[in-house]
Amino acid sequence: MIMKKRVVITGMGIYSCLGKKLDTVRDSLYNGTSGIIFDRKRKDMGFRSGLTANIEIPDLKNVLSRNQRVYIPEQGLYAYVATAEALEQARLTQDYIDTHEVGLLYGNDSSAEAVMNSIDIMRDKKNTMLIGSGGIFKSMNSTVTMNLACIFKMKGINLTISGACASGSHAIGLGSLLIQWGLQDCIVCGGAQEVNPYSVGSFDGISAFSVREDAPAKASRPFDRDRDGLVPGGGAATVVIESYESALKRGAPILAEICGYGFSSNGDHISVPNVDGPSRSLQMAIREAGVNLRDVGYVNAHATSTPVGDRNEAKAIANVFGDYHPEVTSTKSMTGHEMWMAGASEVIYSMLMMKNDFIAPNINFENPDEDSAKLNIPSHRVDKHFDMFLSNSFGFGGTNSTLIVKNITNK
Amino acid sequence: MNKQEIIEKINTALAEEFEIEISAITPEAPIKETLDLDSLSLVDMVALVETVSGVEIKGTDVVSIKTFENLYNFIEERMA
């Protein structure tokens with residue numbers, strides 16, 4: 001019988017509307033700071049909602065060469081910055097990467113602006129050469145992994161996970177399985193999300209976004225009775241995971257253990273989530289982790305601030321946890337919905353809380369509805385120590401992912 | 001545009017795109033090494049020249065254009 005290996009987190013990096021690195025993001029979470037703004041340009045483009053996350057595109061001109069940058073789309077730039085921070089925290093040096101099979105599994109499910117730019121040139125110039133050499137590499141769905149693998153010279157698995165808004169979570173979960181079964185010792189996982197208007201125009205077109213434009217910081221209000229839709233966000237988040245033995249051998253900081261990954265498909269509607277699918281994902285993660293439900297000190301909900309999605313997730317959490325009521329919050333109340341990135345970023349947000357003894361507020365949770373009233377949702381920060389969290393991520397097409405992460409303190 | 005104007009326009013565009021000092025571009029300098037071109041960025045050089053000058057460089061012509069002087073002469077001939 002093969003013994004499954006323990007999988008630990010040894011490094012994290014984040015570039016989001018809450019901050020460009022771990023420390024500032026931790027402070028934003030602690031203070032319940034919203035990263036949402038109103039963007040006039042979107043209204044001029046015909047958007048129903050001008051709300052979006054406030055994020056600055058990093059200038060990597062003095063960091064990467066022209067011949068490296070020309071292939072990287074917006075979300076790839078975020079992913080580079082987040083990954084550089086994660087590798088540093090994990091003490092994964094270039095020398096180590098050069099001499100070991102370090103893998104790369106990243107969630108990404110669009111590269112809309114790059115595709116659009118290429119097609120605009122084709123239509124206008126009728127000459128494909130004028131698209132330039134970057135067009136193809138920026139446009140492919142696997143753009144993040146192809147770029148990062150070449151820049152950091154990674155030699156292990158090299159794969160993009162496209163699982164809609166659960167992409168980042170599935171990337172970490174699938175990476176964990178590869179390590180558990182001994183197929184890889186160390187994998188750089190994460191999720192990236194472009195923020196440009198073109199990438200979410202069609203999403204705006206199905207009236208999924210909040211139109212509370214007069215108060216951007218109050219627009220994303222998961223679980224609140226008066227929520228009216230999500231706010232699109234983005235950036236990138238990177239989590240270095242590896243076998244416990246590998247981390248010990250490298251002398252890497254061992255931050256936490258990924259002890260459960262659950263997944264399921266709703267087998268139902270393309271956009272409307274149900275209760276059964278997420279419930280099964282939660283139950284599988286708990287079963288795989290082999291933990292007592294009461295050991296879970298915090299639940300980071302997927303809840304995006306849409307009427308039906310939040311309601312059904314609240315039902316699923318209430319069903320699974322029964323008479324035990326851990327704090328449940330959605331960090332999307334501050335970040336908006338970071339989509340392909342969200343599953344990875346929310347593991348990092350939860351890690352920052354677990355490592356710093358607090359639970360970030362579910363801001364804008366003012367009045368519960370019938371279902372969220374059954375959960376323990378703090379609208380203000382809770383200063384509390386906990387040693388295990390569960391993070392949900394659900395996506396279009398009914399894809400569900402749940403991760404359970406346990407604290408490890410190096411004493 | 002006369003030849004000098006073409007040279008200035010091309011040099012400025014190439015220096016900006018390939019992030020080099022414009023002084024590195026001299027008539028006898030080899031294009032590939034000066035601009036650090038590989039098979040992919042060569043496409044960008046050709047596209048840039050066409051965008052700036054309106055002159056198309058076909059694959060068969062690229063082979064014979066080794067130096068910047070070769071490039072300027074090629075453009076001047078096609079524009080004439």
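Helix axes are taken here as lines fitted to C-alpha atoms over the stretch in contact, with angles running from 0 to 180 degrees between N-to-C directions. In this predicted model, helix H9 of chain A, spanning residues 167-180, packs with helix H15 of chain A, spanning residues 342-355, at an angle of about 75°, and the two axes are 4 Å apart. Because angles of 65 to 115 degrees count as roughly perpendicular, H9(A) is described as roughly perpendicular to H15(A). On the H9(A) side the contact is made by Ser167(A), Gly168(A), Ser169(A), His170(A), Ala171(A) and Ile172(A), while H15(A) contributes Ala342(A), Gly343(A), Ala344(A), Ser345(A) and Val347(A). Five of the residues in this contact between H9(A) and H15(A) are nonpolar and six are polar, with no charged residue present.

Helix H8 of chain A, formed by residues 143-151, is mostly covered, with eight of its nine residues buried. These buried positions are Thr143(A), Val144(A), Thr145(A), Met146(A), Asn147(A), Leu148(A), Ala149(A) and Ile151(A). The buried residues of H8(A) pack against both helices and strands of chain A, namely the helices H3 (66-69), H4 (74-89) and H7 (134-139) and the strands E4 (102-107), E5 (158-161) and E6 (186-193). Just after H8(A), the backbone at Lys153(A) takes a positive phi of about 60°.

Between the chains, six residues of chain A are in contact with 12 residues of chain B. The side of chain A that touches chain B comprises two nonpolar residues, three polar residues and one charged residue.

Technical notes. Residues numbered from 1 in each chain as written. Chains lettered and ligands numbered in written order. Predicted model: local features only at pLDDT ≥ 70, side-chain atom pairs only at ≥ 80, totals over all residues. Buried ≥ 20, exposed ≤ 12 C-beta atoms within 10 Å, placed from the backbone. Helix = DSSP H or I, 4+ residues; strand = E, 2+ residues; numbered from the N terminus. Contact = placed C-beta atoms within 7 Å. Parallel < 35°, antiparallel > 145°, perpendicular 65-115°, else oblique. Nonpolar A, V, L, I, M, F, W, Y, C, P; charged D, E, K, R; others polar.
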